[in-house]
Amino acid sequence: MDKETKAQPILELPYSDRQLILVSDDQLVQATEKQARLALHEKQQGFDWKKIVEAALIDIIPLPFSRTLEATARETIRSWGRAREEGASVLPVGKTAAQQIDFPPGHPRDGVLYVGHPAKPSLYFTMADFHRVVFEHKFCEAIELLMSLGATSIRVEHISGWSKEFSARISVPLADADDASTGEAGAKRGVSQSLLYEANLAGVEPSLPDDLVWYHHEPTWQSIAKGRLKYGLNDFSLSVSYQDDFGINAGLKIALAKTGLDVGGKFEDHQSTVWRLEGKFRGATSA
């Protein structure tokens with residue numbers, strides 16, 4: 001009899017091992033993990049994921065009648081097997097273990113593929129919305145940072161990638177540029193067309209907000225915070241860039257199309273994007 005090993009909590013796994021997950025019945029996931037361990041123990045040269053899944057389904061047959069698995073759970077785990085056959089490293093997660101994860105409202109659902117936030121382990125989103133919500137999260141953190149540092153004006157301009165159509169679909173605490181822009185002609189026309197958001201605020205005493213995630217990976221953001229907090233910086237210009245697709249791309253979507261897994265809606269593909277944020281802090285005088 002093989003010794004059972006205690007599974008490592010999902011959020012403690014390396015990101016590459018838990019980036020893609022599928023939530024299913026606890027005992028079915030446990031049976032699948034057991035069959036995968038047996039296959040590894042037998043030193044199979046190539047994992048036969050279909051065989052592993054079917055062995056797991058047979059393994060749970062002795063369950064009491066009251067625990068008979070629904071057809072959706074069975075199909076979910078079969079879809080996982082097909083995803084592994086296509087080379088997608090999807091991790092099956094039991095519903096109990098999934099309670100430590102923050103999903104969108106109404107989730108998790110059977111057969112839906114979720115992708116982990118690259119900088120905040122507890123957050124998972126549907127694959128369809130992954131790029132939109134991750135960029136939104138990073139952009140909103142930059143706005144929160146500037147407001148906490150005492151910004152009295154913020155202008156957001158599109159440099160490359162996602163622009164006005166995309167910006168209309170994300171939630172930010174700033175006015176839409178279409179409402180605030182004057183549409184000036186001449187030399188300022190190009191700037192007006194690239195303006196996405198702008199805001200005027202009263203300004204607060206500068207401080208760093210709690211629970212910053214992206215800040216620790218952005219030296220420019222850190223320099224602006226240091227300049228404001230220690231040296232009385234009066235104005236700012238920083239970029240929010242989104243260059244990495246984290247492997248969540250059209251190629252993965254094509255591979256998953258053969259599996260029966262649901263990406264959770266219309267897939268928003270990655271665009272390499274840069275938005276520039278400029279403005280003044282409290283106490284600055286206008287030129």
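Which residues do ring pairs link into a cluster? They are Phe130, Phe135, Phe139, Trp162, Phe166, Tyr197, Tyr242, Phe246 and Trp275. The model described here is predicted.

## The sheet

Strands S6, S7, S5, S9 and S8, in that order, make up an open sheet of five strands with antiparallel pairing. Its edges are strand S6, residues 175–176, and strand S8, residues 235–242, each of which pairs on one side only.

Within this sheet, strand S5 covers residues 151–160 and strand S7 covers residues 195–200. Five bridges join S5 and S7 in the antiparallel sense. Ile154 has Ala199 in S7 as its bridge partner.

## Helices across the sheet

Helix H9, residues 219–231, lies across S8 and S9. The angle between H9 and S8 is about 160 degrees.

## Aromatic pairs

The structure contains 17 aromatic pairs. In one of them, the ring centres of Phe103 and Tyr114 are 5.0 Å apart and the planes stand at 65 degrees; because planes over 60 degrees apart count as edge-to-face, the pair belongs to that class. Phe103 is in the loop between strand S2 (90–94) and strand S3 (113–116), while Tyr114 is in strand S3 itself, and the two residues are 11 residues apart. Phe103 and Tyr114 are both buried.

Another pair, Trp162 with Tyr242, is stacked, with 5.8 Å from centre to centre and 25 degrees between the planes. Trp162 sits in the loop between S5 and helix H6 (164–167), whereas Tyr242 belongs to strand S8, so this pair ties together parts that are 80 residues apart in sequence. Both of these residues, Trp162 and Tyr242, are buried.

## A charge over a ring

Trp49 has a charged group over its ring. The group is the charged end of Arg84, which lies 4.2 Å from the ring centre.

## Thr32 in helix H2

Helix H2 spans residues 26–41, and Thr32 is part of this helix. The relative accessible area of Thr32 is 1%, and because buried means under 20%, Thr32 is buried.

Which residues does Thr32 touch, not counting those up to four places away in sequence? The contacts of Thr32 on that count are Ile52, Ala56, Ile77 and Trp80.

Terms used: Residues numbered from 1 in each chain as written. Predicted model: local features only at pLDDT ≥ 70, side-chain atom pairs only at ≥ 80, totals over all residues. Heavy atoms only, no water. Pairing = 2+ DSSP bridges. Helix = DSSP H or I, 4+ residues; strand = E, 2+ residues; numbered from the N terminus. Contact = heavy atoms within 4.5 Å. Axes fitted to C-alpha atoms, helices over the stretch in contact; angles between N-to-C directions. Phe/Tyr/Trp six-rings, centres within 6.5 Å; stacked < 30°, edge-to-face > 60°. Buried < 20%, exposed > 50% of the residue type's maximum accessible area, 1.4 Å probe, protein only. Lys NZ or Arg CZ within 6 Å of the ring centre and 35° of its normal.
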